[in-house]
Amino acid sequence: MKINRTNVDVALSRSGLGSYSELARRMGCSAQNLSVILNRGSCKPATAAKIAAALGVPLEDLLEEGGTGR
């Protein structure tokens with residue numbers, strides 16, 4: 001799935017988590033892994049769902065237009 005990093009950044013600032021490290025911890029992955037995902041701009045649907053759940057937003061809020069493909 002194609003993730004919009006700007007949307008993730010906005011959701012992160014609104015979530016009160018404060019950092020990518022905290023987001024990664026809530027997702028159950030390393031900060032390095034999360035960085036790779038965000039820099040690449042895509043991930044598996046299950047991973048995108050974990051990001052959305054950790055941020056407390058609907059998955060659709062984090063996707064690029066037409067972002068269902070890998």
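Here are some notes on this predicted model, going through the helices and then a few individual residues.

1. **The annotated stretch.** The UniProt record, an unreviewed entry, lists "domain: HTH cro/C1-type" for residues 21–62. In the model, residues 21–62 come out as 67% helix and 0% strand.

2. **How α1 starts.** Have a look at Asn-4, which sits in the segment before α1. A side-chain oxygen of Asn-4 comes to within 2.9 Å of the backbone nitrogen of Thr-6, at the start of the helix. A polar atom of the Asn-4 side chain is also 3.0 Å from the backbone nitrogen of Asn-7. With buried meaning under 20% relative accessible area, Asn-4 counts as buried because its value is 16%. If you set aside the neighbours within four places in sequence, the contacts of Asn-4 are Leu-62, Leu-63 and Glu-64.

3. Helix α1 covers residues 5–15, and its buried residues are Val-8, Ala-11 and Leu-12. Looking down the axis of α1, these buried residues fall within an arc of 105°, so they line one face of the helix. Thr-6, Ser-13 and Arg-14 are exposed residues on the face turned away from that buried side. The cover over the buried residues of α1 includes α2 (20–27), α3 (31–40) and α4 (45–55). Just after the helix, Gly-16 has a positive phi of about 85°.

4. **The α2/α3 pair.** In general, a packed pair of helices is described by the angle between the axes and the distance between them. For α2 and α3 the angle is about 105° and the axes are 8 Å apart. Since 65 to 115 degrees counts as roughly perpendicular, α2 and α3 are therefore roughly perpendicular to each other. On the α2 side, the contact is made by Tyr-20, Ser-21, Leu-23, Ala-24 and Met-27. The α3 side supplies Ala-31, Leu-34 and Leu-38.

5. **Glu-22 in α2.** Glu-22 lies in helix α2 and is partly exposed, at 22% relative accessible area. Its side chain makes a polar contact of 2.6 Å with the side chain of Arg-25. Glu-22 and Ala-54 are 32 residues apart in sequence, while their C-alpha atoms are 9.4 Å apart in space. Ala-54 is one of the buried residues of α4.

6. **Ser-30, between the two helices.** Ser-30 is in the loop between α2 and α3. It counts as partly exposed, with 40% relative accessibility. The side chain of Ser-30 reaches the backbone nitrogen of Asn-33 at 2.9 Å. Going back along the chain, Ser-30 and Tyr-20 are separated by 10 residues in sequence and by 9.6 Å from C-alpha to C-alpha.

7. **The two sides of α3.** Which residues of α3 are buried? They are Leu-34, Ile-37 and Leu-38. Seen down the axis of α3, they fall within an arc of 95°, so they line one face of the helix. Leu-34 and Leu-38 also turned up in the contact with α2. Gln-32 and Asn-39 are exposed, on the face of α3 turned away from the buried side. What covers the buried residues of α3 includes α1, α2 and α4. The helix is followed by Gly-41, with a positive phi near 85°.

8. **The two sides of α4.** The buried residues here are Ala-48, Ile-51, Ala-52, Ala-54 and Leu-55. Their arc, viewed down the axis of α4, is within 165°, so these residues too line one face of the helix. On the face turned away from the buried side, Ala-46 and Ala-53 are exposed. Among the elements covering the buried residues of α4 are α1, α2 and α3. Gly-56 follows α4, and its phi is positive, near 70°.

9. **Putting it together.** The cover over the buried residues of α1 includes α3 and α4, that of α3 includes α1 and α4, and that of α4 includes α1 and α3. Helix α2 is part of the cover for α1, for α3 and for α4.

Notes:
Residues numbered from 1 in each chain as written. Predicted model: local features only at pLDDT ≥ 70, side-chain atom pairs only at ≥ 80, totals over all residues. Heavy atoms only, no water. UniProt positions renumbered as here; feature names shortened; annotations may be inferred. Helix = DSSP H or I, 4+ residues; strand = E, 2+ residues; numbered from the N terminus. Buried < 20%, exposed > 50% of the residue type's maximum accessible area, 1.4 Å probe, protein only. Arc of directions from axis to C-beta. Contact = heavy atoms within 4.5 Å. Polar contact = N/O pair within 3.5 Å; in protein donor to acceptor, adjacent residues only side chain to side chain. Axes fitted to C-alpha atoms, helices over the stretch in contact; angles between N-to-C directions. Parallel < 35°, antiparallel > 145°, perpendicular 65-115°, else oblique.
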